[in-house]
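The sequence and model come first, and the notes follow.

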Amino acid sequence: MSSFNKILGYYKKYKAIAILSIVVSCIFEITDLIVPYAIGQILNVLSQQPVDKPIQVIVDRVQNLVTNTSEPWLSLGVLLSLIILATVVKAPLQPWLTSWFHWEISLRARRDSFGEVIQKILTLPIGFYDENNPGRIAGKISRGIENHTWTYPEIAGQMIPKLGRVCGIFVVILLIDKGIAIAFLASFIFILGYSLKQVRVLIKQEELLDKYQENTESHTSEIITNIKTVKAFATEANELERQRQRIEREYKVITFRIHKGYVVLATWLRTTVQTCVFLILLFTLISTVKGNISLGHFITTLTVSSMAYAELEPIGNLIEVFARRYASMQRFAEFMELSPGKDAAGLDTEHIATNPYKFTGKLEISHLYFGYNEQRPILKDINLLVEPYQTVALVGRSGSGKSTLVKLLFRYFEPNQGQILIDGEDIHNLDIAGYRRRLAIVHQDVDIFNGTVLDNLTYGNPKVSLQQVEQACDIARVEEFIHELPHGYYTTVGERGVRLSGGQKQRLGIARALIVDPDILIFDEATSSLDYESERSIQQAMNSIFGTRTTIIIAHRLSTIREADKIVVLDNGTIAEVGSHEELLEQAGIYHRLHLLGSK
Ligand SMILES: Nc1ncnc2c1ncn2[C@@H]1O[C@H](COP(=O)(O)OP(=O)(O)OP(=O)(O)O)[C@@H](O)[C@H]1O
């Protein structure tokens, strides 16, 4: 039930209008019953039997207004007027008062959801993205929203009004014959109760299927992301086979558990409904023959009860569709309930604009401990002082914790103990977005957004002037290749920058970082995967940046960091050595050993 409430939560903003439009839909459905009722009454008039009391009251009132009209004609006139109201007058009103609102609520909720989803994506902790790949996340979101969009009009616009109509039918039959009404109600409760019980079992299977589907989507996305590796290792056939197995597993669940379950349920439903229709016919006929009810009431009871049973099949279909969608809506609701990360930035751009920080770039790390998992510390008692404008290199074996330290600097994770201070202020106390805007990082693999080179360059600072862009490009040696591109700065680079080489992307990344004019600039192994010429270009770019701001370099190639003011050697999560290139060589420790390995 709590998961059902979560699903309902999707529409909570539109509760009032939803209730109103559902009630109106139910009223329209119930007015449909006027026609068979009025036809029954017409039959009574034609067979010279009395009409029901409420109709007679109306006829009497009309008779007071109209003289010289005989009673049968008046009764027929009143009944025809009722039929016109319930059909011709209702027809143009119904779509606007029902369907319009049901779809409007659904589409508005869809629009709201997309906005909320983006907020969720932007605020979830970075650890979430380490564990879930884009395909899995995107699949969950798109199936969740799509299913919600279709489900609301079906449930609010069809299923509930149909159930409303069934209740109306029960009241009509009750007014005619209590015994038949009770039999009718009992059959309905039994049919719906049993169907819902079966559907609950099927929902469990749908949940399993949803997990399988998410898994398949996640692997499809992984194949797309890693397509170069797949091709390079010629593992296409293996990938295809593994994916086929996953699809086959889904197919078996769909066909032999879910689809078969629904067909068995539909078979049972249809047979039971037909049996009930026949039994009602029998009971009503017996009542008529016994003289308990009139011919008109016989026709009305038979028609409305057939209408009610005829509704059971669409109601059953709607329950089936709802059940098929339930699992993905539930999983979407769970996604939306995920708590934002402690690293979540505020999403209010005005707030950032009015709160710009400016630091000298003095950085102090004091007694810092951290582990992704508290039982396994990665960084232990890190103490480090970086003066403004200094260039500091972090070196150490793979897995020693260099990137982790930078992640803490960016506040992607919180330290378990200790502090990081910038200009004497604990970074934990600063506005996260404002603080991050004063940092910039050039990753080994620079992220490129689909758009032009200029869009990518100005990503962190769209308001920058072209002159400043050119200056940054000059320092970052982007100028060397920009003129070779077909449209210069306005060349479209394609998704993920496929039209740029590795070295070009890195230089673009450096220029992009410079354009935000950061107080602290971080290079994450920026030159480790490049050819000699690109490396030299990037090295020159970096050299001209050193001393202009605090710079931190995570480096594997020691040749790139000789000029650093301070080299910090991390070993197994602790700072093992600190000093300049020459000092560390003299110490003849880890750095010396790494240096010897690098120069071999
Ligand atoms: N998101 C994560 N969740 C759990 N453990 C992680 C995560 N990221 C890194 N680690 C672990 O933390 C340790 C330090 O990793 P880190 O990436 O900081 O090392 P590094 O010195 O930058 O290594 P490299 O030079 O190879 O990039 C490693 O043992 C790694 O397995």
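## Domains

The assignment for the protein chain in this predicted model gives two parts: domain 1 is made of residues 2–31 + 98–337, and domain 2 covers residues 448–516. Between the C-alpha centres of domain 1 and domain 2 the distance is 50 Å.

## Coiled-coil region

The UniProt record, an unreviewed entry, places a feature named "coiled-coil region" at residues 202–257. In the model, residues 202–257 are 93% helix and 0% strand.

## Helix H11

Helix H11 runs over residues 236–289 and has 54 residues. From its first C-alpha to its last, H11 reaches 76 Å, which is close to the 80 Å expected at 1.5 Å a residue. At His 259 the helix H11 bends by about 30°.

Several positions in H11 are buried: Ile 258, Tyr 262, Leu 265, Leu 269, Cys 276, Ile 280 and Thr 284. An α-helix has 3.6 residues a turn, so residues three or four places apart point the same way.

## Ligand shell

Which residues are found around the ligand? They are Asp 130, Tyr 372, Ile 378, Gly 396, Ser 398, Gly 399, Ser 400, Gly 401, Lys 402, Ser 403 and Thr 404. By class, the shell around the ligand holds 7 polar, 2 nonpolar and 2 charged residues.

Helix H14, at residues 402–409, supplies the largest share of this shell, with 3 residues.

Note on methods: Residues are numbered from 1 along each chain as its sequence is written. This is a predicted model: local features need pLDDT of at least 70, side-chain atom pairs count only at pLDDT 80 or more; totals for chains, interfaces and linings use all residues. UniProt positions are given in the numbering used here, feature names are shortened, and annotations may be inferred rather than shown by experiment. Helices (H or I, at least four residues) and strands (E, at least two) are DSSP runs, numbered from the N terminus. A residue is near a molecule or strand if its C-beta atom, placed from the backbone, lies within 6 Å of it. Ala, Val, Leu, Ile, Met, Phe, Trp, Tyr, Cys and Pro count as nonpolar, Asp, Glu, Lys and Arg as charged, and the others, Gly among them, as polar. Domain bounds come from an automatic or database domain assignment. The expected span of a helix is 1.5 Å times one less than its number of residues. The bend at a residue is the angle between axes fitted to the seven residues ending there and the seven starting there. A residue is buried if 20 or more other C-beta atoms lie within 10 Å of its own, exposed if 12 or fewer, and partly exposed in between; C-beta atoms are placed from the backbone.
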